[in-house]
Amino acid sequence: MKTILQKWLPAGLMLVMALWFLGNLAAPKDKDFAFTEFGQLPLTANGRVVPLDSLARNSLLAIREKQTVNTEPWKGWNEHPKIIPATEWLANVMMNPAVADNWPVFRVDNPDLVSLLKLPDKGDKSDGKHYSWNQIQPAIDTFEKENERVQKVEAANRTAYENAIAKMHERLTLYAQLKNSVQPADAQDWPAELSWFEQHIPDGIAAAQAQQAGKPYDKTNFTAFVAAIERFQFMANLEPPLLLPPNGAREWRRMGDALLDAPRPNGVPIDAAIHDWAKMAGALAGNQPDQFNAALRDLRSLLVPTQSAALDKARAEVFFNQMQPFYGAMVIYILAGLLAIFSWFGAGEVAATPSSPKLAAMPGHPDDDQTRRSGTATPSDEGVAAPSLSETLRRSSVWLVWLAFVIHTTGLVYRMVLEGRPPVTNLYSSAIFIGWGAVLLGLILEKFHRNGIGLVVASVIGFITLIIAHHLALEGDTMEMMRAVLDTNFWLATHVVSVTIGYASTYVAGFLALIYILRGVFTKTLDAATGKSLARMIYGIVCFATLFSFVGTVLGGIWADQSWGRFWGWDPKENGALIIVLWNALILHLRWGGLIRERGLVNCAIFGNIVTAWSWFGVNMLGIGLHSYGFTEAAFQWLVLFVVSQLAFIGLGLLPLKWWKSHRATPAAI
Amino acid sequence: MNLFVRFFTSLKLTVVLLAFAIVLVFIGTIAQADEGLYGAQAHYFKQWIVLGAHMFGHKIPLILPGGYLLGVLLLVNLVASHVFRFEFSRKKLGIQLAHAGVIVLLVGQLSTDLLSRELQMHFTEGQTLNYSDSATDYELIFNAGGEVTAIPEKLLHAGDELKISSLPFTIRVQQRWHNSDMNYRAPMMQNAPALTTNGLAVNFDFRKLDDVKAMDSRNIPTVVFELRTPAGSLGTWVASDWASDAALIEAVRNGYAQMGAGMAQKIVSQLVVPQSVVVDGKKFTFALRAARVYHPFSLTLLKATHTTYPGTDIPKDFRSRVRIDNAKSGEKREVEISMNHPLRYGGYTYYQYQMDAGQMAEQAGRTPTSVLSVVRNPGWLTPYVGCGMVGAGLLIQFLYHLAGFVTKRPKK
């Protein structure tokens with residue numbers, strides 16, 4: 001019984017996780033309003049065609065740091081607070097602000113900002129963190145005054161409070177843009193207001209012409225018409241997303257611009273798309289799902305003849321959003337990593353149980369090849385014996401890491417296809433790709449060594465990089481368009497990919513070294529053979545890292561030479577990459593010269609983590625140079641924490657051997 | 001001798017040099033926040049010995065080998081190791097190749113540093129230029145009916161008196177400012193006396209500024225000088241790049257736009273009035289301007305296009321269509337220069353650098369302008385060759401190790 005369980009556990013576990021992941025693929029069914037279908041409508045935002053679903057999720061990430069809205073955040077999860085999807089939120093912000101303005105979506109973490117805006121503390125109907133547009137409005141003048149001051153402070157010199165102000169300003173602006181993308185934010189009955197405007201265009205123009213010519217004109221009509229124009233002007237000035245499909249010579253248009261365009265001599269008259277949006281707005285505000293869905297269908301069928309590519313792309317992207325492959329992979333990496341770590345310890349327990357006497361002869365950890373070669377254990381006949389618990393755990397972990405890797409790869413490739421770009425285009429995708437490369441390397445190491453080490457490295461780096469990516473996604477659209485100088489797939493595919501593989505492999509070497517230290521100092525599981533095999537892995541990976549970081553860095557220089565005529569400019573990002581190359585080269589020369597041995601190599605590889613983190617994030621925080629993208633304070637704190645932790649590990653690595661648990665267990669081990 | 005060879009071929013030297021290089025690059029990067037990119041380059045990288053460093057707003061006393069010294073020592077180390085320890089074997093092939101590639105890169109970079117030249121071409125649509133401007137060097141020119149005498153700004157030192165054979169006067173330099181500010185002297189509010197009573201200084205005040213640090217900004221030099229003949233002084237003048245550079249003049253016009261377009265135009269026209277002096281009936285017009293390098297051909301900017309992604313300000317493409325006119329070779333053709341697609345012609349490479357075109361310029365009623373970065377770098381191929389060699393070398397070595405690693409594993 002136990003044997004069968006152990007035999008099928010790995011595959012079974014993988015199947016369960018795979019089903020969990022696949023279960024998330026199905027889009028939620030719409031009950032009354034077809035918000036899911038609404039989310040598949042294409043529009044243009046950030047310079048590219050996106051589905052409304054992406055706009056909704058990205059906007060929510062920017063404002064609330066989540067992809068859904070909890071309208072009752074003061075309730076505990078067990079009290080079932082109402083959670084609504086991003087598209088439903090966006091639809092209401094755009095077309096039914098009377099409702100949306102009461103939802104607590106603005107996340108405020110800074111206590112000074114909370115008190116500036118006189119927001120309620122945690123308590124009845126408030127969780128002390130999320131506030132609605134309506135809650136903020138009373139203090140908006142105070143806020144604007146503060147913001148005006150903060151905008152004059154250079155971003156790098158801002159305090160935490162000032163950063164919070166600047167961020168809040170961005171969030172409020174984004175919200176105001178969304179509120180003004182379909183109708184003027186203050187519209188009471190938009191379909192009626194629109195049809196009034198449409199009917200009064202001829203009169204309005206006539207009155208305006210008469211007024212300019214100094215002739216008598218209809219004052220009432222004129223004033224109302226001018227007021228409407230001013231509202232549309234306000235909408236257009238906010239520069240919200242472009243909701244209206246191309247019409248005639250016009251490309252994708254903003255609602256405000258299209259409304260202003262209509263009365264112009266060569267303007268496009270108010271077209272069906274504008275009407276359909278107005279109908280949706282009226283139906284949503286009037287709580288008439290059928291009318292809403294009918295108008296939505298009309299708008300879709302309007303797009304079919306001319307915008308089929310945009311519709312397809314939007315649908316594909318919605319599917320990707322729904323799939324959330326990186327979230328799925330992240331969860332599975334955690335599970336896989338835990339199983340792999342347990343596998344190092346599991347062996348001892350099993351050996352103690354009398355039911356499997358054969359296993360008592362097994363070495364203290366499942367590194368079968370190495371122990372066999374070192375002669376410390378009798379070769380066990382694996383074909384006959386039931387696999388040890390330790391080996392079962394390891395195999396389960398292998399299956400899970402493969403599953404997560406497949407999901408990770410699917411996400412990576414899907415993104416590439418959606419964007420039509422190589423894998424790395426910005427900081428966000430570099431995190432995804434570093435994780436992917438490190439997991440691949442870890443799986444290859446595991447294939448050769450079968451001792452769980454590759455698995456732990458793969459799942460830990462996979463998890464950490466995906467967490468980093470998750471936080472980077474809060475900055476906005478992760479599939480943003482490439483600025484002119486970066487708009488070249490050739491260099492993105494060569495330079496950026498090589499450098500990123502260099503980062504990934506340097507991290508793999510560093511995390512292998514961490515395993516060496518942790519197992520050596522705190523456990524008895526690091527015997528001589530394991531130590532040696534770890535050191536060999538580290539050495540091999542450092543060679544690999546040197547190759548890719550060098551080639552990548554020089555290719556970057558050549559790109560710079562191609563685009564602005566200088567091979568090397570000592571720009572911070574270039575220098576960061578150069579330091580990685582120099583550091584890896586230094587490790588190799590130290591090793592060749594016999595100046596460091598196993599432990600020296602291990603400590604140097606950990607320092608490689610610091611060097612890589614510096615190049616990846618640290619240089620961006622200097623706020624200088626061509627490659628700097630701006631940063632958040634939280635990111636800086638994490639970087640400092642990471643560097644300190646790595647230094648602490650190096651400190652552990654330098655401890656005298658007599659304090660190493662593994663050394664005490666078998667003095668010859670290290 | 002033996003000791004000498006042993007020192008320069010030692011692996012320990014390599015290790016020490018690499019370690020110093022890491023420290024230097026790190027400090028030189030941090031220091032950019034305080035010293036600016038160009039300042040840091042000069043202080044740490046294009047330098048033999050580094051004395052003192054700026055980090056996080058503090059001055060730190062230290063002595064480090066500079067970039068030149070480290071580069072040269074690494075080069076000697078590499079070459080010496082190659083010469084004295086070279087052995088041809090399959091095992092070492094990759095390593096040898098990789099190190100030879102590093103030599104090529106180092107030599108290439110040193111030669112680039114010594115031989116390359118960076119210039120710029122600023123033109124508006126329709127303009128034809130047969131010269132490029134230096135981005136960093138300036139010259140004081142005296143033009144006597146087309147006969148131009150150019151004195152590099154670097155040679156002008158406050159207190160010096162220069163005698164140039166082609167000029168019938170000497171130049172006594174009173175002030176020379178690397179970077180300067182300029183202000184219009186409003187007629188009713190002249191609170192300080194003018195710098196001099198001639199030319200530009202009548203209407204404009206100039207004052208010294210600290211050197212700029214930010215990457216995309218530059219110093220704007222100004223000189224104050226007296227012209228003298230044996231008979232006595234001809235007067236004192238101010239010459240400044242403020243009055244020569246078209247982009248700066250445009251910026252001045254925009255800066256005074258709030259005083260009304262007419263007033264801004266008046267100020268600008270006073271700024272660009274040529275200054276001159278007459279000696280023995282000969283008129284010498286003078287100005288301080290970016291140093292020029294003349295080409296045996298000309299380029300005409302036909303069209304400058306700047307496109308953005310729909311509904312955003314994110315630049316999508318910068319593109320200049322230019323016509324090459326080479327009377328010597330009879331060439332007359334049109335080419336497009338865009339981001340990542342430079343033009344290589346006549347020993348120079350022309351890169352799209354800056355642009356004022358597209359919707360913004362159109363709405364403001366400005367003629368589109370384009371700036372090309374013009375670079376002469378005889379060593380431009382070395383990175384390509386070096387990168388190829390190192391990449392191939394490391395790959396060979398890596399595969400060799402990998403093959404060894406895989407075959408050495410016991411069979412299951």
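Select A:Ile538 and display its surroundings: leaving aside residues up to four places away in sequence, A:Ile538 touches A:Ala509, A:Leu512, A:Ala513, A:Leu601, A:Val602 and A:Ala605. Two residues are in contact here if their C-beta atoms, placed from the backbone, lie within 7 Å.

This is a predicted model, in which local features need pLDDT of at least 70 and side-chain atom pairs count only at pLDDT 80 or more, while totals for chains, interfaces and linings use all residues. Residues are numbered from 1 along each chain as its sequence is written, and chains are lettered from A and ligands numbered from 1 in the order in which they are written.

A residue is buried if 20 or more other C-beta atoms lie within 10 Å of its own, exposed if 12 or fewer, and partly exposed in between, with C-beta atoms placed from the backbone.

**Helix H3 of chain A**

Helices (H or I, at least four residues) and strands (E, at least two) are DSSP runs, numbered from the N terminus. Because 11 of its 13 residues are buried, H3(A) is largely enclosed by the rest of the structure. Among the buried residues are A:Asp53, A:Arg57 and A:Arg64. Just after the helix, A:Glu65 takes a positive phi of about 65°.

**Where chain A meets chain B**

Now colour by chain: 53 residues of chain A are in contact with 51 residues of chain B. On the chain A side, the elements that give two or more residues are helix H17 (368–374), helix H22 (528–564) and H23. H22(A) gives the most, with 15 residues. By class, this side divides into 31 nonpolar, 14 polar and eight charged residues. Ala, Val, Leu, Ile, Met, Phe, Trp, Tyr, Cys and Pro count as nonpolar, Asp, Glu, Lys and Arg as charged, and the others, Gly among them, as polar.

Select A:Leu578, which is in helix H23 (residues 572–592). Which residues does A:Leu578 touch, not counting residues up to four places away in sequence? They are A:Thr553 and B:Val25. A:Leu578 counts as buried because it has 24 C-beta neighbours inside 10 Å.

**Chain B**

Finally, select residues 1–86 of chain B, which are domain 1, and then 92–116 + 379–405, which are domain 2; the bounds come from an automatic or database domain assignment. The C-alpha centres of these two domains lie 20 Å apart. Their contact takes eight residues from domain 1 of chain B and nine residues from domain 2 of chain B.
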